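Biologist: I have a model open and some questions about its contacts. Can we go through them one at a time?
Modeller: Go ahead, and put the structure up.

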Amino acid sequence: MKSKGLPEAHAIHPNVTPLIDIVMCLIIFFMIVAKIGVTTGAEQMDLVETKLGKRIESFGNTLTVNVRRPIAAHLMDQPRITALVDRDSRELPLIDPAGQRVLLDVLRRFRQEGGTEFTLIIRPEKELEYRFLEPVLIVARDAGVLKIQFNTKQIERVVER
Amino acid sequence: MKLAVGKKVHYDSGPNMTPLVDIVMVILIFLMMTGSFGGAEHFVENRAPITTPTAGGAGGGGMVDEPLDIRLDAPTGDRFIATVDRRQFSDPDALEAHLKTVLERMQAIGRKVEDIHVVIGPGRNVKTDAVLRVYDAALLAGFTKVGFKAAH
């Protein structure tokens, strides 16, 4: 009788099943928490730090405008304003070379479509002078915008014991 | 003499998992790089519209009494001076503490916080950093109606 012994098994490959399980869990986690493809038109800039503030859950009825110092010599009297309008990042000058009040027209349109709940989110640069922020606030008032939010960076409030 | 060689036993080691692990790792790294956890940004609400001389100097909300004016100047680029009740502050925390005292005094004489309109009047060259920090201090002090006026 031949005794057939099983040849010695050599485990040359590690069991990757637990690794795949954990990695899949991580992928699902990051897919849920990541905000990919959701853009409000907010651009990278140095924002003011404030202690007070709240989060906005829905950006549905809002328009985010980035307000910066002017860069062009011929536009030194008005700020550089950009926003995502109709899925397109556009410059919205206070007054364009043709004399059109572009920002006012856009805000009026959004205000008309969004009603009283329409919110204008202003993202001013930290180093922006007030003389460039002031006209944006005036245009917002003239357009009938009732809700304005300043987008700022959160700082930790120091609690003294 | 040929030795009888045992029939090679082939153990099915399963599908090759290496490419799957590679692709999964790439996807994971992609999601880690592109995703964000919401960042550290938040939003500060402004309910009082800006007041300008052409608008009659009145806020859009039926201001009842004289507004509480905060004049904001910037002697140097990185400093600001906020003047309230003829007192000057260059520190937002000190300003907040003083505004709290002012509010308590006002409430003690029967004024309601919703009737008090704080108006911040920055200079033309005051940085937004200072403007919003003073605005923040006014809100933290307990005022609910804080607005801006035209630059001086």
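Biologist: Which residue does A:Asp46 form a salt bridge with?
Modeller: The partner of A:Asp46 is A:Lys153, with the closest N and O atoms 3.8 Å apart. A salt bridge here is a side-chain nitrogen of Lys or Arg within 4 Å of a carboxyl oxygen of Asp or Glu. Note that this is a predicted model, where local features need pLDDT of at least 70 and side-chain atom pairs count only at pLDDT 80 or more, while totals for chains, interfaces and linings use all residues. Residues are numbered from 1 along each chain as its sequence is written, chains are lettered from A and ligands numbered from 1 in the order in which they are written, and side-chain values use heavy atoms, with hydrogens and water left out.

Biologist: Where do A:Asp46 and A:Lys153 sit in the chain?
Modeller: A:Asp46 is in the loop between α1 (17–33) and β1 (49–50) of chain A, and A:Lys153 is in strand β6 (residues 147–154), so the pair links distant parts of the chain, 107 residues apart. Helices (H or I, at least four residues) and strands (E, at least two) are DSSP runs, numbered from the N terminus.

Biologist: What about A:Lys147, which residue does it form a salt bridge with?
Modeller: A:Lys147 pairs with A:Glu117, and the closest N and O atoms are 2.8 Å apart. A:Lys147 lies in strand β6 and A:Glu117 in the loop between α2 (102–114) and β5 (119–124) of chain A, so the pair ties together parts 30 residues apart in sequence. A:Lys147 is partly exposed at 26%, and A:Glu117 is partly exposed at 46%.

Biologist: How many salt bridges are there over all chains?
Modeller: The search of the whole structure finds 13. One of chain B's is B:Arg71 with B:Asp73, at 3.1 Å between the closest N and O atoms. A:Asp86, A:Arg109 and A:Glu113 are linked in a network of salt bridges.

Biologist: What is the phi of A:Asp86?
Modeller: Positive, about 55°, although A:Asp86 is not a glycine. A:Asp86 is in the loop between β3 (80–85) and β4 (88–91) of chain A, and is exposed, with a relative accessible area of 55%.

Biologist: And in chain B, where is B:Asp85 found?
Modeller: B:Asp85 is in the loop between β3 (81–84) and β4 (87–89) of chain B. Phi of B:Asp85 is near 55°, again positive in a residue other than glycine. B:Asp85 counts as partly exposed, at 43%.

Biologist: Changing topic: at what angle do α1(A) and α1(B) pack?
Modeller: About 25°, with the axes 9 Å apart. Axes are lines fitted to C-alpha atoms, for helices over the stretch in contact, and angles run from 0 to 180 degrees between N-to-C directions. The two helices are therefore roughly parallel, a label for angles under 35 degrees.

Biologist: Which residues of α1(A) meet α1(B)?
Modeller: Among them are A:Leu19, A:Ile20, A:Val23 and A:Phe30, and the α1(B) side includes B:Leu20, B:Val24 and B:Met32. Contact means heavy atoms within 4.5 Å.

Terms used: Buried < 20%, exposed > 50% of the residue type's maximum accessible area, 1.4 Å probe, protein only. Parallel < 35°, antiparallel > 145°, perpendicular 65-115°, else oblique.
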